[in-house]
Amino acid sequence: MPELPEVEVVRRGLATHVAGRTIAGVTVLDARAIRDHAGGARDFSARLRGARVTAVYRRGKYFWLALDGPGHGDAVLCHLGMSGQMLIRRCNDPEDRHTRVIMDLGDDVQLRFCDQRLFGGLRISDGGAQLPTEIAHIGLDPLDAEFDVRVFTGRIRKRRTGLKRALLDQSLISGIGNIYADEALWRSRLHYARDPALLRPPQIVGLIDDVVDVMNEALEAGGTSFDALYVDIDGERGYFDRGLHVYGHEGVGCPRCQTPIRRDRFMNRSSYLCPRCQRTPRRPRW
DNA sequence: ATGAATACCTGAGAGC
DNA sequence: TGCTCTCAGGTATTCA
(Lines give C-alpha, C1' and ligand atoms only; values in the text may rest on other atoms or scores of the structure.)
Protein backbone atom coordinates (compact mmCIF):
# COMPACT_ATOMS: atom_id res chain seq x y z
CA MET A 1 0.00 0.00 0.00
CA PRO A 2 2.32 2.78 1.06
CA GLU A 3 4.97 3.65 -1.49
CA LEU A 4 8.04 5.82 -1.05
CA PRO A 5 6.30 9.17 -0.38
CA GLU A 6 3.97 7.66 2.21
CA VAL A 7 6.85 5.87 3.93
CA GLU A 8 8.92 9.05 3.90
CA VAL A 9 6.06 10.96 5.58
CA VAL A 10 6.09 8.30 8.29
CA ARG A 11 9.89 8.38 8.58
CA ARG A 12 9.88 12.14 9.08
CA GLY A 13 7.22 11.86 11.74
CA LEU A 14 9.20 9.22 13.58
CA ALA A 15 12.42 11.25 13.26
CA THR A 16 10.63 14.11 15.00
CA HIS A 17 8.70 12.20 17.65
CA VAL A 18 10.69 9.02 18.33
CA ALA A 19 14.36 9.80 17.71
CA GLY A 20 16.04 10.61 20.99
CA ARG A 21 13.55 8.57 23.03
CA THR A 22 14.26 5.42 24.98
CA ILE A 23 12.11 2.32 24.58
CA ALA A 24 10.77 1.60 28.07
CA GLY A 25 8.86 -1.52 27.11
CA VAL A 26 7.51 -3.49 24.16
CA THR A 27 4.27 -5.45 23.92
CA VAL A 28 3.82 -7.84 21.01
CA LEU A 29 0.07 -8.33 20.62
CA ASP A 30 0.29 -10.45 17.47
CA ALA A 31 3.46 -12.43 16.81
CA ARG A 32 2.73 -12.49 13.09
CA ALA A 33 3.80 -8.83 13.00
CA ILE A 34 7.35 -9.90 13.91
CA ARG A 35 7.40 -13.18 11.99
CA ASP A 36 10.64 -12.16 10.26
CA HIS A 37 12.35 -11.64 13.61
CA ALA A 38 14.31 -14.83 14.13
CA GLY A 39 14.26 -14.72 17.93
CA GLY A 40 10.51 -14.51 18.44
CA ALA A 41 8.43 -12.15 20.53
CA ARG A 42 10.19 -12.54 23.88
CA ASP A 43 13.59 -11.89 22.35
CA PHE A 44 12.22 -8.93 20.40
CA SER A 45 10.83 -7.28 23.53
CA ALA A 46 13.76 -8.08 25.78
CA ARG A 47 16.39 -6.74 23.42
CA LEU A 48 14.60 -3.46 22.82
CA ARG A 49 13.93 -2.64 26.45
CA GLY A 50 16.16 0.27 27.43
CA ALA A 51 17.44 0.94 23.92
CA ARG A 52 17.53 4.51 22.69
CA VAL A 53 16.47 5.47 19.17
CA THR A 54 19.14 7.71 17.68
CA ALA A 55 17.77 8.25 14.17
CA VAL A 56 15.28 6.97 11.60
CA TYR A 57 16.46 6.04 8.11
CA ARG A 58 14.76 4.83 4.95
CA ARG A 59 15.58 3.08 1.72
CA GLY A 60 12.76 2.56 -0.71
CA LYS A 61 9.77 1.39 1.31
CA TYR A 62 11.83 0.05 4.21
CA PHE A 63 12.74 2.20 7.20
CA TRP A 64 14.64 1.48 10.39
CA LEU A 65 15.15 2.87 13.86
CA ALA A 66 18.87 3.04 14.66
CA LEU A 67 19.59 2.07 18.27
CA ASP A 68 22.04 3.08 20.98
CA GLY A 69 22.52 1.82 24.54
CA PRO A 70 21.42 -1.82 24.82
CA GLY A 71 21.46 -3.05 21.25
CA HIS A 72 23.94 -0.36 20.24
CA GLY A 73 24.48 -0.53 16.49
CA ASP A 74 21.36 -2.64 15.92
CA ALA A 75 18.16 -1.41 14.33
CA VAL A 76 14.44 -2.07 14.28
CA LEU A 77 13.80 -2.78 10.61
CA CYS A 78 10.25 -1.99 9.51
CA HIS A 79 8.05 -2.43 6.45
CA LEU A 80 4.45 -1.27 6.25
CA GLY A 81 3.38 -3.86 3.67
CA MET A 82 -0.01 -3.01 2.21
CA SER A 83 -1.75 -1.70 5.29
CA GLY A 84 0.80 -0.95 8.02
CA GLN A 85 0.71 2.19 10.14
CA MET A 86 2.97 3.75 12.74
CA LEU A 87 0.91 5.81 15.16
CA ILE A 88 2.09 8.06 18.00
CA ARG A 89 -0.45 7.98 20.83
CA ARG A 90 -0.85 8.80 24.53
CA CYS A 91 -0.94 5.70 26.72
CA ASN A 92 -4.60 6.14 27.56
CA ASP A 93 -5.74 7.03 24.07
CA PRO A 94 -8.45 4.72 22.70
CA GLU A 95 -7.21 1.47 21.18
CA ASP A 96 -6.45 1.52 17.48
CA ARG A 97 -7.89 -1.29 15.40
CA HIS A 98 -5.36 -3.93 14.29
CA THR A 99 -2.69 -2.83 16.77
CA ARG A 100 0.00 -5.52 16.64
CA VAL A 101 2.97 -4.09 18.56
CA ILE A 102 3.16 -1.32 21.16
CA MET A 103 6.38 0.41 22.18
CA ASP A 104 6.25 2.54 25.31
CA LEU A 105 8.55 5.53 24.93
CA GLY A 106 8.14 7.24 28.31
CA ASP A 107 6.51 10.63 28.97
CA ASP A 108 3.11 9.05 28.31
CA VAL A 109 4.04 8.43 24.65
CA GLN A 110 3.40 5.20 22.77
CA LEU A 111 4.40 4.07 19.30
CA ARG A 112 1.82 1.64 17.94
CA PHE A 113 2.37 -0.58 14.89
CA CYS A 114 -1.03 -1.29 13.40
CA ASP A 115 -1.53 -3.47 10.35
CA GLN A 116 -4.78 -4.88 9.08
CA ARG A 117 -3.39 -7.36 6.57
CA LEU A 118 -0.12 -8.25 8.30
CA PHE A 119 1.95 -8.04 5.14
CA GLY A 120 4.14 -5.58 7.02
CA GLY A 121 6.27 -6.25 10.05
CA LEU A 122 9.12 -5.39 12.40
CA ARG A 123 12.34 -7.21 13.20
CA ILE A 124 15.63 -6.48 14.89
CA SER A 125 18.54 -6.22 12.49
CA ASP A 126 21.84 -7.16 14.15
CA GLY A 127 24.33 -4.39 13.52
CA GLY A 128 21.92 -2.77 11.07
CA ALA A 129 21.92 0.78 12.39
CA GLN A 130 23.66 2.17 9.30
CA LEU A 131 22.17 -0.17 6.68
CA PRO A 132 20.54 -3.49 7.57
CA THR A 133 22.07 -6.42 5.69
CA GLU A 134 18.52 -7.79 5.34
CA ILE A 135 17.85 -5.13 2.72
CA ALA A 136 21.20 -5.25 0.95
CA HIS A 137 19.35 -6.53 -2.12
CA ILE A 138 17.12 -3.44 -2.25
CA GLY A 139 18.33 -0.93 -4.81
CA LEU A 140 18.84 2.75 -4.19
CA ASP A 141 15.68 4.80 -4.43
CA PRO A 142 15.46 7.80 -6.76
CA LEU A 143 15.45 10.31 -3.90
CA ASP A 144 18.72 8.92 -2.49
CA ALA A 145 21.70 11.26 -2.95
CA GLU A 146 23.71 8.25 -4.14
CA PHE A 147 21.23 7.37 -6.86
CA ASP A 148 22.90 7.67 -10.25
CA VAL A 149 20.50 7.78 -13.17
CA ARG A 150 23.28 6.84 -15.61
CA VAL A 151 24.02 3.66 -13.70
CA PHE A 152 20.30 2.93 -13.54
CA THR A 153 19.91 3.53 -17.27
CA GLY A 154 22.63 1.04 -18.02
CA ARG A 155 21.04 -1.55 -15.79
CA ILE A 156 17.43 -1.23 -16.91
CA ARG A 157 18.36 -1.38 -20.60
CA LYS A 158 19.86 -4.81 -20.00
CA ARG A 159 16.65 -6.11 -18.49
CA ARG A 160 14.67 -8.38 -20.77
CA THR A 161 11.32 -7.57 -19.31
CA GLY A 162 8.57 -4.96 -19.56
CA LEU A 163 9.16 -1.38 -18.48
CA LYS A 164 6.66 -1.34 -15.61
CA ARG A 165 7.84 -4.70 -14.34
CA ALA A 166 11.34 -3.25 -14.18
CA LEU A 167 10.15 -0.13 -12.34
CA LEU A 168 8.45 -2.30 -9.73
CA ASP A 169 11.54 -4.49 -9.24
CA GLN A 170 12.85 -3.22 -5.91
CA SER A 171 16.30 -4.63 -6.52
CA LEU A 172 16.73 -2.41 -9.58
CA ILE A 173 15.21 0.77 -8.15
CA SER A 174 13.29 0.91 -4.90
CA GLY A 175 10.31 2.84 -3.59
CA ILE A 176 8.13 2.67 -6.70
CA GLY A 177 4.80 0.87 -6.33
CA ASN A 178 1.75 0.49 -8.52
CA ILE A 179 0.44 4.05 -8.12
CA TYR A 180 3.61 5.97 -8.84
CA ALA A 181 4.66 3.59 -11.61
CA ASP A 182 1.41 4.32 -13.48
CA GLU A 183 1.61 8.07 -12.79
CA ALA A 184 5.23 8.37 -13.96
CA LEU A 185 4.62 6.27 -17.10
CA TRP A 186 1.68 8.50 -17.97
CA ARG A 187 3.76 11.66 -17.50
CA SER A 188 6.45 10.20 -19.78
CA ARG A 189 3.85 8.94 -22.30
CA LEU A 190 5.29 5.45 -22.11
CA HIS A 191 3.30 2.21 -22.24
CA TYR A 192 3.97 -0.30 -19.46
CA ALA A 193 4.96 -2.97 -21.97
CA ARG A 194 7.72 -0.95 -23.62
CA ASP A 195 10.99 -2.85 -23.95
CA PRO A 196 13.58 -1.05 -21.79
CA ALA A 197 16.33 -2.10 -24.20
CA LEU A 198 14.61 -0.16 -27.02
CA LEU A 199 14.31 3.10 -25.09
CA ARG A 200 16.81 5.86 -25.70
CA PRO A 201 18.77 6.85 -22.59
CA PRO A 202 17.19 10.35 -22.52
CA GLN A 203 13.76 8.72 -22.33
CA ILE A 204 14.85 6.79 -19.27
CA VAL A 205 16.34 9.92 -17.70
CA GLY A 206 13.03 11.70 -18.41
CA LEU A 207 11.08 8.85 -16.85
CA ILE A 208 13.14 9.01 -13.68
CA ASP A 209 12.66 12.80 -13.63
CA ASP A 210 8.92 12.13 -13.73
CA VAL A 211 9.17 9.55 -10.95
CA VAL A 212 11.04 12.07 -8.79
CA ASP A 213 8.60 14.87 -9.62
CA VAL A 214 5.47 12.88 -8.83
CA MET A 215 6.98 11.57 -5.60
CA ASN A 216 8.04 15.04 -4.46
CA GLU A 217 4.60 16.42 -5.24
CA ALA A 218 3.03 13.57 -3.29
CA LEU A 219 5.39 14.23 -0.39
CA GLU A 220 4.30 17.86 -0.22
CA ALA A 221 0.69 16.72 -0.06
CA GLY A 222 1.43 14.29 2.77
CA GLY A 223 1.15 11.19 0.59
CA THR A 224 -1.75 9.44 -1.12
CA SER A 225 -4.74 8.19 0.87
CA PHE A 226 -7.64 6.38 -0.76
CA ASP A 227 -9.06 5.22 2.55
CA ALA A 228 -8.17 4.98 6.23
CA LEU A 229 -5.41 2.46 5.53
CA TYR A 230 -2.74 5.03 4.88
CA VAL A 231 -2.27 7.75 7.49
CA ASP A 232 0.67 9.60 9.01
CA ILE A 233 1.89 9.10 12.58
CA ASP A 234 -0.88 11.35 13.91
CA GLY A 235 -3.49 9.33 12.04
CA GLU A 236 -4.00 12.10 9.49
CA ARG A 237 -4.61 11.29 5.82
CA GLY A 238 -2.58 12.59 2.87
CA TYR A 239 -4.10 14.51 0.02
CA PHE A 240 -2.19 13.47 -3.09
CA ASP A 241 -5.14 11.42 -4.36
CA ARG A 242 -6.25 14.79 -5.77
CA GLY A 243 -2.97 15.03 -7.66
CA LEU A 244 -3.25 11.66 -9.41
CA HIS A 245 -3.83 11.85 -13.16
CA VAL A 246 -4.57 8.24 -14.11
CA TYR A 247 -4.43 5.90 -11.11
CA GLY A 248 -7.96 4.84 -10.21
CA HIS A 249 -9.39 7.00 -13.00
CA GLU A 250 -10.83 4.32 -15.28
CA GLY A 251 -13.20 5.91 -17.77
CA VAL A 252 -12.25 9.48 -16.80
CA GLY A 253 -10.83 11.74 -19.52
CA CYS A 254 -7.04 11.92 -19.78
CA PRO A 255 -5.96 15.35 -18.45
CA ARG A 256 -3.93 15.89 -21.66
CA CYS A 257 -6.16 14.60 -24.43
CA GLN A 258 -9.54 13.68 -22.87
CA THR A 259 -9.35 10.08 -24.11
CA PRO A 260 -10.94 7.85 -21.44
CA ILE A 261 -8.37 6.27 -19.12
CA ARG A 262 -8.24 2.49 -19.47
CA ARG A 263 -7.64 -0.12 -16.80
CA ASP A 264 -5.66 -3.21 -17.85
CA ARG A 265 -5.00 -6.32 -15.83
CA PHE A 266 -1.25 -6.76 -15.73
CA MET A 267 0.93 -8.66 -13.27
CA ASN A 268 -2.27 -9.65 -11.46
CA ARG A 269 -3.01 -6.05 -10.61
CA SER A 270 -4.48 -2.98 -12.23
CA SER A 271 -2.60 -0.69 -14.57
CA TYR A 272 -4.14 2.61 -15.56
CA LEU A 273 -3.08 4.35 -18.74
CA CYS A 274 -4.19 6.66 -21.51
CA PRO A 275 -4.48 4.49 -24.64
CA ARG A 276 -3.77 7.51 -26.86
CA CYS A 277 -0.83 9.07 -25.01
CA GLN A 278 0.68 5.69 -24.16
CA ARG A 279 0.54 3.62 -27.35
CA THR A 280 1.02 -0.11 -27.18
CA PRO A 281 4.53 -0.77 -28.56
CA ARG A 282 5.07 -2.73 -31.76
CA ARG A 283 7.34 -5.09 -29.89
CA PRO A 284 5.87 -5.28 -26.39
CA ARG A 285 7.55 -7.00 -23.49
CA TRP A 286 5.24 -8.14 -20.78
C1' DA B 1 17.85 -14.66 -15.96
C1' DT B 2 13.06 -14.37 -16.04
C1' DG B 3 8.53 -14.80 -14.67
C1' DA B 4 4.39 -17.32 -13.22
C1' DA B 5 2.32 -19.03 -9.35
C1' DT B 6 1.85 -19.08 -4.66
C1' DA B 7 1.91 -17.69 0.11
C1' DC B 8 1.44 -14.45 3.72
C1' DC B 9 -3.49 -11.76 5.69
C1' DT B 10 -8.01 -8.86 6.57
C1' DG B 11 -11.92 -6.42 5.21
C1' DA B 12 -14.86 -3.63 2.16
C1' DG B 13 -18.10 -3.74 -1.31
C1' DA B 14 -20.83 -5.82 -5.09
C1' DG B 15 -24.05 -9.07 -6.60
C1' DC B 16 -27.31 -12.57 -5.76
C1' DT C 1 -29.37 -11.65 6.09
C1' DG C 2 -25.75 -14.05 4.52
C1' DC C 3 -23.21 -16.22 1.07
C1' DT C 4 -19.61 -15.86 -2.69
C1' DC C 5 -16.70 -13.28 -5.36
C1' DT C 6 -13.42 -9.53 -6.43
C1' DC C 7 -10.45 -6.14 -5.13
C1' DA C 8 -6.71 -3.64 -2.49
C1' DG C 9 -0.97 0.58 -2.08
C1' DG C 10 3.84 -5.35 -1.16
C1' DT C 11 7.51 -8.85 -0.79
C1' DA C 12 9.66 -13.40 -0.72
C1' DT C 13 10.04 -18.02 -2.26
C1' DT C 14 9.55 -21.89 -5.23
C1' DC C 15 9.29 -23.93 -9.47
C1' DA C 16 9.48 -24.09 -14.54
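## The nonpolar cores

The largest nonpolar core has 41 residues, and Phe152 and Ile176 have the most contacts inside it. A nonpolar core here is a set of buried Ala, Val, Leu, Ile, Met, Phe, Trp, Tyr and Cys residues joined through side-chain atoms within 4.5 Å; buried means under 20% relative accessible area, exposed over 50%, and partly exposed in between (1.4 Å probe, protein chains only). At least two residues of this core come from each of α3 (149-156), α4 (163-168), α5 (178-187), α6 (201-220) and β10 (269-273), and α6 gives the largest share, 8 residues. Helices (H or I, at least four residues) and strands (E, at least two) are DSSP runs, numbered from the N terminus. Apart from this core lies another, of 35 residues, including Val10, Cys78, Val109 and Leu122.

This is a predicted model, in which local features need pLDDT of at least 70 and side-chain atom pairs count only at pLDDT 80 or more, while totals for chains, interfaces and linings use all residues. Residues are numbered from 1 along each chain as its sequence is written, chains are lettered from A and ligands numbered from 1 in the order in which they are written, and side-chain values use heavy atoms, with hydrogens and water left out.

## One face of a helix

Now look at helix α2 (residues 40-48), whose buried residues are Phe44, Ser45 and Leu48. Seen down the axis of α2, these fall within an arc of 90 degrees, so they line one face of the helix; the arc is that of the directions from the helix axis to the C-beta atoms. They pack against β1 (25-28), β3 (62-68), β4 (75-79), β6 (99-104) and β8 (121-125), where contact means heavy atoms within 4.5 Å.

## Around the DNA

Which residues surround DNA strand B? Among them are Arg32, Arg97, Phe119, Lys158 and Thr161, a residue being near a strand if one of its heavy atoms lies within 4 Å of it. Sugar and phosphate account for 71% of the atoms of DNA strand B that come within 4 Å of the protein.

A polar side-chain atom of Thr161 lies 2.4 Å from a phosphate oxygen of DNA strand B.

## Two loop residues

Most residues other than glycine have a negative phi. Asp108, which is not a glycine, has a positive phi of about 65 degrees, and its place is in the loop between β6 and β7 (109-115). Met267, also not a glycine, has a positive phi of about 55 degrees and sits in the loop between β9 (262-266) and β10.

Terms used: A polar contact is a pair of N or O atoms within 3.5 Å; within protein, one must be able to donate a hydrogen and the other to accept it, and residues adjacent in sequence count only if both atoms are side-chain atoms.
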